[in-house]
Amino acid sequence: MKVHLKTLGCRLNEAELETWAQAFQKSGHSITRQAEAAQLIVINSCAVTQDAARKSRQLIRRIHRDNPQAKLVVSGCYATLNQDEAASLLGVDLVVSNKDKDQLVEKTLTELNMDVMPAMSTEPGEISLFTRGRQRAFVKVQDGCRYRCTFCIVTVARGDEISRPVQAVIDEINALYKQGITEVILTGVHLGGYGSDLGNNLSDLINAILSETDIPRLRLGSLEPWELPEDFFTLFHNPRLMPHLHLPLQSGSDTVLRRMARRCKTEEFSLIVSQLRAQIPHFNITTDIIVGFPGETEEEWQDSFNFIKQTGFGHIHIFTYSSREGTKAATLPNQLTNDIKKQRSQQLHVLANDMKLAFCQENIDNEFPVLWEGYHEPLEGGKQRVFGYTPNYLKVSCVINNDESVENKIITTKLMAVKEGYIVGELDGNRLL
C-alpha cells in the first residue's frame, strides 16, 4: 500500500510524521510523495492559531477532493480539539487524537482493515526522511507540557508531559546515522522539561547522545527559556552541538509576560542570551513574538519593542495575536483592534529584517563548516546554485558545476557577502557567485 503523509504546524508534527513513516514501512507499506498516488493519506493537523485550524480544514478538504478514493486519517491538535468537526468533514475515515498518536499506525491498519501481511520486512528507507531532505531528521524526545500559558491551546491538546527513555532516543539516532543522516534535531512540546518524569534532564540526554552516537551534528528545536539545567551552557563547547537556539520570548514587556503566564522575565532572558554569546562566538538566538496581546498598551508595546531591539535576534517569527476558544487569554479584557495589531506587526517586521541583516553581516569573512543540502537551483552555462547551513543556522549559497555534488557533505566555507535570502559562500578557495 502507498501511504502519503502531510503535516501543518510545528517541527514536532514533522518529527511525528517521520516516526509514522518508519512504522508504515516496517509494516511492509511504502511512502509516496504524491498524494494522488496514495491509497492512504494521513494528515497531522495544527491549531496553534485560528488561521492554522482553518488551513487544517482546507487541507483536509483539498486532499479528499484531489484523491477521493484514498482512505483519509486525521490527527494532530486541530483533530484533537475539534474531534467531532474533523470526523464530519467529507472524506475523513478516522480521527486519531494526540493521546493515541503512538498507536496511529496500528489503529489505522486495524480499524480501516488495512493491516495486511507485508511482502517483506524492511528497515526504514531513505524515502521516509523527506521532512528536511536526506541529510537532516527530526527526533521527537518529549510530548506534553505542564504549563498553561494563557494564549496556548496546544498544551491542552497535547496533555501531560511524557519523555522518551534516553536509550530509545540513542537507538533512533544511531539508526538514522546508519541511513546517512548527518544532522538530528531534537523536538518536543516542552523540550526543556525533558526527563521531568524520568528523573533526569535535557543535559543528561544531550551528553548521552554526544557520547553514545556518532551523529556529526546535533541541533535543538524550540526551547522555552526556563528550567535550563545548570550545566546547559557548557554543552555548547562540544562542536557537534550546534550554536543556535530558538528561545520563544513572546513579549519584551514584563507586564504582558505576566498576563501570558510566561515563566521567564526579560531580565532572566537577557542573562541567558548573555551567557550563550559570551561562551560561543556567533551564537544565533532566534525567537517568537506575539504582537497585540490583550491589553497591550502603547507603553507596553514600546517597552517590548525596545527590549527586542536591545537584545538583537538572528530571526523572529512574528505572530499577530488571535483569540483561541478554550484559552484564558480569550477571556481577557481590552482585546486590541486589528488596525493596532497590524501597525505593530509591520513595525516589528522592519526591525526584525534589520536585525537579521546585521547578524548576517557580523558573520561575514568568517569560515564555517557548512552542511550542504540536496536542494539546488539550475543556472545557465552548466552551473547550479546549491544551498547549505552553517552551524549557527545561516543559509549559505555557492555555485558549482552540474556534474559536481556536495549534497550531505560538511565543507568549510568562507562567508563572503549577504544577498537577499542567503549568504554567498566561497568554496574550495574559489569565489562562487
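Modeller: Helices here are DSSP runs of H or I with at least four residues, strands are runs of E with at least two, and both are numbered from the N terminus. The model is a predicted one.

Biologist: Between which two strands does the loop with Y393 lie?

Modeller: Y393 is not a glycine, yet its phi is positive, near 65°. Most residues other than glycine have a negative phi. The loop that holds Y393 runs between strand 14 and strand 15 (395-401).

Biologist: H282 also has a positive phi without being a glycine. Is H282 buried, partly exposed or exposed?

Modeller: The phi of H282 is about 65°, and the residue sits in the loop that links helix 10 (266-279) to strand 11 (284-291). Buried would need a relative accessibility under 20% and exposed one over 50%. At 27%, H282 therefore counts as partly exposed.

Biologist: Which residue takes a positive phi in the hairpin of strand 13 and strand 14?

Modeller: Strand 13 (residues 367-378) and strand 14 (residues 383-389) run antiparallel and are joined by five bridges; W372 faces G388 across this pairing. Four residues lie between the strands of the hairpin. The residue with a positive phi there, near 75°, is G381.

Biologist: What is the bridge partner of P369 in strand 16?

Modeller: Strand 13 also pairs with strand 16 (residues 410-419), in the antiparallel sense and over five bridges. Within strand 16, the partner of P369 is T412.

Biologist: Turning to the open sheet of five strands, which strands stand at its edges?

Modeller: The strand order is 2-1-3-4-5, with parallel pairing.

Biologist: Which helix supplies the largest share of the lining of the second largest pocket?

Modeller: This pocket holds about 780 Å³ of space and is lined by 30 residues, with T19, D102, K140, R164 and E172 lying nearest its centre. By class, the lining has 13 charged, nine nonpolar and eight polar residues. Elements that each give at least two lining residues include helix 5 (104-111), strand 6 (136-143) and helix 7 (166-178). The largest share, seven residues, comes from helix 1.

Biologist: Leaving aside neighbours within four places in sequence, which residues does L220 contact?

Modeller: In soluble globular proteins, nonpolar side chains tend to be buried together. With its sequence neighbours left aside, L220 is in contact with I185, L186, L191, I206, F232, F236, L241 and L245.

Biologist: On the same terms, what does S304 contact?

Modeller: S304 is part of helix 11 (residues 298-311). Its relative accessibility is 2%, so S304 counts as buried. Beyond four places in sequence, the contacts of S304 are S251, G252 and S253.

How values were computed: Residues numbered from 1 in each chain as written. Predicted model: local features only at pLDDT ≥ 70, side-chain atom pairs only at ≥ 80, totals over all residues. Heavy atoms only, no water. 1 Å grid on protein atoms, 1.4 Å probe; cavity = no way out; pocket = protein on both sides within 12 Å on 5 of 7 lines; lining within 4 Å. Points joined across faces, edges and corners; volume = space filled by probe spheres on them. Nonpolar A, V, L, I, M, F, W, Y, C, P; charged D, E, K, R; others polar. Buried < 20%, exposed > 50% of the residue type's maximum accessible area, 1.4 Å probe, protein only. Contact = heavy atoms within 4.5 Å. Pairing = 2+ DSSP bridges.
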